[in-house]
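Please find below a note on the structure shown here, arranged as numbered points for a reader new to the subject.

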Amino acid sequence: MKASLVGLLIATAFSAGVSADWSSEPRESDGQTQFYVDVTGEVPLRCRMYTEQNLSVELGLEYHDGEKEFKFGAWCNNDSASGELVVGAAPFINQNNNTDVIPLIVKFNEEEGRIDAENNAGSDTNYHAIATKSVKISNDTRGLNQIQNTLTIDAETNGWEKAGEYKTSMYVSLYPL
């Protein structure tokens with residue numbers, strides 16, 4: 001049985017175009033023969049974020065109703081229990097005329113950023129409103145719901161905004177460190 005298995009492996013190696021230039025000589029005492037095979041693998045560095053709330057946030061623009069919170073947990077498979085959080089968005093723009101922009105203020109821990117017509121995801125110089133390493137993450141393999149983080153989003157209105165529906169999409173990215 002073992003001989004047929006070795007023969008099958010050799011035949012497979014030759015049919016795959018691999019040159020088999022190895023051999024294993026039997027021991028004198030009992031005829032046993034063996035190979036040592038190096039086995040390697042890699043688990044890539046990765047992170048996950050999760051939330052139990054809706055992924056849509058509606059800001060009250062007519063009568064400024066204050067900032068909205070977005071809560072999420074974070075997990076990375078590294079030992080340092082730290083990561084880098086990056087937040088940004090395209091301009092919060094009027095869908096009726098694609099011109100008027102209401103600035104957004106985003107806050108995370110002690111970091112604060114502004115998203116407006118000049119500073120946004122499409123900008124060449126300042127496309128992230130927040131890029132911080134102060135995010136709390138879990139590296140506990142038993143679950144994702146260990147640590148909660150809060151991102152706040154607020155519209156900076158002045159009372160002179162033009163009528164229409166304002167929209168944007170915000171990205172919240174987590175990178176392992």
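1. A salt bridge is a side-chain nitrogen of Lys or Arg within 4 Å of a carboxyl oxygen of Asp or Glu. D116 and R114 form such a pair, with their closest N and O atoms 2.8 Å apart. The model is predicted, and local features need pLDDT of at least 70, side-chain atom pairs count only at pLDDT 80 or more, and totals for chains, interfaces and linings use all residues. Residues are numbered from 1 along each chain as its sequence is written, and side-chain values use heavy atoms, with hydrogens and water left out.

2. Side chains of opposite charge can pair when their charged atoms come close. The whole structure contains six salt bridges. One of them joins R27 to D30, at 2.8 Å between the closest N and O atoms. R114, D116 and E156 are linked in a network of salt bridges.

3. Accessibility has three classes: buried means under 20% relative accessible area, exposed over 50%, and partly exposed in between (1.4 Å probe, protein chains only). D116 is buried because its relative accessible area is 9%. R114, at 32%, counts as partly exposed.

4. A further salt bridge pairs E67 with K107, at 3.6 Å from N to O. This pair links distant parts of the chain, 40 residues apart: E67 lies in the loop between β1 (47–50) and β2 (68–76), and K107 in strand β5 (residues 104–108). Strands (E, at least two residues) are DSSP runs, numbered from the N terminus. E67 is partly exposed at 39%, and K107 is partly exposed at 32%.

5. In soluble globular proteins, nonpolar side chains tend to be buried together. A nonpolar core is a set of buried Ala, Val, Leu, Ile, Met, Phe, Trp, Tyr and Cys residues joined through side-chain atoms within 4.5 Å. Here the largest such core has 24 residues, and V106, F108, L151 and L174 have the most contacts inside it. Two or more residues come from each of β2, β3 (82–89), β5, β7 (130–136) and β8. The largest share, four residues, belongs to β2.

6. Which residues does L174 touch, not counting residues up to four places away in sequence? Counting contact as heavy atoms within 4.5 Å, the partners of L174 include C47, M49, W75, L85, V135 and I137.
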